[in-house]
Amino acid sequence: MKKKIIAINKKLIKQFGTPQRPKILPKPIDMLIGTILSQNTNDRNSYHAYKNLKEKYSNWDEVNKAKRTLIEKEIKVAGLGFQKSTAIKNLLKELEKQIGNFELKEINSLDNENSIKYLTSFKGVGVKTASCVLLFSLDKNVCPVDTHLHRTLNRIGIVKTSAPDKTYFEINKDFPPKIAHSFHTNLIRLGREICTPKNYKCNICPLVDICNFDSKNFTEITKTSERSFMLLDNI
Ligand code: SF4
């Protein structure tokens, strides 16, 4: 598996380039809020909602103290305003109750496995969100798995799993060093633009010669959609 991941990463970099990262990485709490906002919407809408919140409130303590309805108003562009504002309030309240602040410094002394366990102990934080904190905030070499990675990795044949969290644990048992960010980001791009759920375009896929999917589609048009915006590298 390790060799295949390295080979896929090389091909994706050749196709899409090396994804850029911000010079200053976001704080874990910023990443947690960003991923709550990103559920069931596109990255541009969740980014706007995130920016609205940051512009309206000067810190997460203010958000914690604000009325839920006011938070909902700021984030409505991302959809599911009631659910997301409730999730944000619940998370901030729980952090305040359990550790007394929103810094999450505790994870700095934990290894990856225990960081995931610690973060997922908070209500509303799943494995994907926790692993995004590790990769995007703490620069750990872990590869979060969303629906795009889960679908493409199963099609390619690297894993045979029934859910994204299972794929996450499978591929992160021994992930090749230093490539988690480029692999994760470029594979999302492949999943959004080429290896889409339907009408996937094997005729223009850079992984076609190493993909074991037995229902490849060579009949679709060759035009790819515009390059997708990546929320978690812009928080
Ligand atoms: S060859 Fe087709 S099925 Fe395989 S990864 Fe590429 S687009 Fe997806």
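The legends below describe close-up views of a predicted model.

**View 1**
The domain assignment divides the protein into domain 1, made of residues 2-20 and 142-233, and domain 2, made of residues 28-137. The C-alpha centres of domain 1 and domain 2 are 26 Å apart. Domain 1 gives 15 residues to the contact, and domain 2 gives 15 residues. On the side of domain 1 that touches domain 2, helix H10 (164-171) and helix H11 (180-193) are the elements that supply two or more residues. The residues on that side of domain 1 comprise 10 nonpolar, three polar and two charged.

**View 1. Helix H11 and its surroundings.**
H11 has 14 residues. From its first C-alpha to its last, H11 reaches 20 Å, close to the 20 Å expected at 1.5 Å a residue. Of the 14 residues of H11, 12 are buried, so the helix is largely enclosed by the rest of the structure. Among the buried residues of H11 are Ala180, Phe183, Asn186, Arg189 and Glu193. The buried residues of H11 pack against helix H1 (2-16), helix H8 (127-137) and helix H9 (147-156).

**View 2. Leu187 in helix H11.**
Leu187 is part of helix H11. Leu187 counts as buried because it has 26 C-beta neighbours inside 10 Å, and the cut-off for a buried residue is 20 or more. Leaving out residues up to four places away in sequence, Leu187 touches Leu12, His148, Leu149 and Thr152. Leu187 and His148 are 39 residues apart in sequence, and their C-alpha atoms are 7.4 Å apart in space.

**View 3. Ile5 in helix H1.**
Ile5 is found in helix H1. Ile5 has 20 C-beta neighbours inside 10 Å and therefore counts as buried. When neighbours within four places in sequence are left aside, Ile5 is in contact with Ile171, Phe175, Pro176 and Phe183. Phe183 is also one of the buried residues of H11. Ile5 and Ile29 are 24 residues apart along the chain, and 30 Å separates their C-alpha atoms.

Helix H6 (residues 81-99) has 19 residues. The distance from the first C-alpha of H6 to its last is 27 Å, close to the 27 Å expected at 1.5 Å a residue. The buried residues in H6 are Lys84, Ser85, Ile88, Leu91 and Leu92. Seen down the axis of H6, these buried residues fall within an arc of 125°, so they line one face of the helix. An α-helix has 3.6 residues a turn, so residues three or four places apart point the same way. Phe82, Lys93, Lys97 and Gln98 are exposed on the other side of H6. The buried residues of H6 pack against helix H2 (28-38), helix H4 (60-65) and helix H5 (68-75).

**View 4. The two ends of helix H6.**
Leu80 lies in the loop between H5 and H6. The phi of Leu80 is near 45°, which is a positive value in a residue other than glycine. Leu80 counts as partly exposed because it has 17 C-beta neighbours inside 10 Å. Just after H6, Gly100 has a positive phi of about 80°.

**View 5. Helix H5 and what covers it.**
In H5, the residues Ile71, Glu74 and Ile75 are buried. Seen down the axis of H5, these buried residues fall within an arc of 85°, so they line one face of the helix. Thr69 and Leu70 are exposed on the face of H5 turned away from its buried side. The cover over the buried residues of H5 includes H2, helix H3 (43-56), H4 and H6.

The shell around the ligand has 14 residues, of which Cys195, Cys202, Cys205, Cys211 and Phe213 come nearest. The shell divides into 10 nonpolar residues, one polar and three charged.

**View 6. Asn199 in the segment after H11.**
Asn199 is located in the segment after H11. The phi of Asn199 is near 50°, a positive value in a residue other than glycine. Asn199 is exposed, because 9 other C-beta atoms lie within 10 Å and a residue with 12 or fewer counts as exposed.

Conventions
Residues are numbered from 1 along each chain as its sequence is written. This is a predicted model: local features need pLDDT of at least 70, side-chain atom pairs count only at pLDDT 80 or more; totals for chains, interfaces and linings use all residues. A residue is near a molecule or strand if its C-beta atom, placed from the backbone, lies within 6 Å of it. Ala, Val, Leu, Ile, Met, Phe, Trp, Tyr, Cys and Pro count as nonpolar, Asp, Glu, Lys and Arg as charged, and the others, Gly among them, as polar. Helices (H or I, at least four residues) and strands (E, at least two) are DSSP runs, numbered from the N terminus. The expected span of a helix is 1.5 Å times one less than its number of residues. The arc is that of the directions from the helix axis to the C-beta atoms. Two residues are in contact if their C-beta atoms, placed from the backbone, lie within 7 Å. Domain bounds come from an automatic or database domain assignment.
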